[in-house]
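Subject: Structure for your review

Dear colleague,

I am handing over the structure we spoke of, and my notes on it follow below. Please read them with the coordinates open beside you.

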Amino acid sequence: MELIQKQLAEPDADLPTVELTVSRFKLQKRRWRAEAADGTDFGFDLEQPLTHGAVFFQTAAARYVIAQEPELVLETSLGDDAAAGARAGWSVGNLHLPMQVDGEIIRVADDPAIRQLFEQSGVPYKEAKSIFAPMRVSTGTGDHSHSHSHSDDHGHSHG
């Protein structure tokens, strides 16, 4: 088993690739094991999590690349309506769910709460199967338990 601690800095782009297919949830971890398409077994004890497309190992014959599994997502287009886009982004953020912004598309993992939110808010969306790479947001401390509350339309505090 090969032990991987970080992404390769300068892989040889001319070598053929061998994929190691893995879920987004496993990629979020720093310690895990997986087997590449050619049967090579890898253990990961990472400084930083890897992302889709990262080259993490290389031999004289091939370079090994992370292939994140596509998953069911919901997409909404920001289009020309900045207010609608802002509402959609604020709504998703208010639920504290991961979100990806890709050009004019907001992409979120398929979730009943998001479906309901989009339907109630009149936000048009479609299902898609895609590589989901949510934005990484740093709170500075890594602790999101700081004091903040949500209010409803009548000023009543929740949380």
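The structure holds 8 salt bridges, a salt bridge being a side-chain nitrogen of Lys or Arg within 4 Å of a carboxyl oxygen of Asp or Glu. Before I go through some of them, please note that this is a predicted model, in which local features need pLDDT of at least 70 and side-chain atom pairs count only at pLDDT 80 or more, whereas totals for chains, interfaces and linings use all residues. Residues are numbered from 1 along each chain as its sequence is written, and side-chain values use heavy atoms, with hydrogens and water left out.

Salt bridges

Arg24 forms a salt bridge with Glu71, with the closest N and O atoms 2.8 Å apart. This pair links distant parts of the chain, since Arg24 belongs to helix 1 (residues 24–27) and Glu71 to strand 7 (residues 71–77), 47 residues apart; helices (H or I, at least four residues) and strands (E, at least two) are DSSP runs, numbered from the N terminus. Both Arg24 and Glu71 are buried, where buried means under 20% relative accessible area, exposed means over 50%, and partly exposed is in between (1.4 Å probe, protein chains only).

A second salt bridge joins Asp45 and Arg31, and here the closest N and O atoms are 3.7 Å apart. Asp45 lies in strand 4 and Arg31 in strand 3, so the pair ties together parts that are 14 residues apart in sequence. Asp45 is partly exposed, with a relative accessible area of 30%, while Arg31, at 64% relative accessibility, counts as exposed.

Asp102 forms a salt bridge with Arg107, the closest N and O atoms being 3.4 Å apart. Asp102 is partly exposed at 40% relative accessibility, whereas Arg107 is buried at 7%. These two residues also belong to a network of salt bridges that links Glu75, Asp102, Arg107 and Lys126.

Strands and sheet

The protein chain has 3 helices and 12 strands. An open sheet is formed by 3 strands in the order 1-4-3, with mixed pairing; two strands pair if DSSP finds at least two bridges between them. Its edge strands are strand 1 (2–4) and strand 3 (31–35), each of which pairs on one side only, and the twist averages 25° from one strand to the next, with axes taken as lines fitted to C-alpha atoms (for helices over the stretch in contact) and angles running from 0 to 180 degrees between N-to-C directions. Strand 1 and strand 4 (residues 41–45) run parallel and are joined by 3 bridges, and Leu3 stands opposite Gly43 in strand 4.

Strand 2 and strand 6 also run parallel, joined by 6 bridges, with Glu19 opposite Val65 in strand 6. In a regular strand the side chains alternate between the two faces of the sheet. In strand 2, Val18, Leu20 and Val22 make up the covered face, and Thr17, Glu19 and Thr21 the uncovered one.

Nonpolar cores

A nonpolar core is a set of buried Ala, Val, Leu, Ile, Met, Phe, Trp, Tyr and Cys residues joined through side-chain atoms within 4.5 Å. The largest has 18 residues, of which Leu20, Trp32, Phe42, Phe44, Leu50, Phe56 and Ile66 touch the most other members. At least two residues of this core come from each of strand 2 (17–22), strand 3, strand 4, strand 5 (55–58) and strand 6 (63–68), and strand 2 gives the largest share, 3 residues. Apart from this core lies another, of 10 residues, among them Leu74, Met99, Val108 and Phe118.

Neighbours within four places in sequence aside, Phe56 is in contact (heavy atoms within 4.5 Å) with residues including Ile4, Leu8, Leu20, Phe42, Phe44, Leu50 and Ile66.

Overall values and one backbone detail

Of the 159 residues of the protein chain, 31% count as buried. Among contacts with a separation of 6 or more, 62% are between residues 24 or more positions apart. The protein chain exposes about 10200 Å², of which carbon and sulfur atoms supply 49%; accessible areas come from the Shrake-Rupley method with a 1.4 Å probe, and for residues only the protein chains shown count as cover.

Lastly, His96, in the loop between helix 2 (82–94) and strand 8 (99–102), has a phi near 60°, a positive value in a residue other than glycine. His96 is partly exposed, with a relative accessible area of 42%.

With best regards
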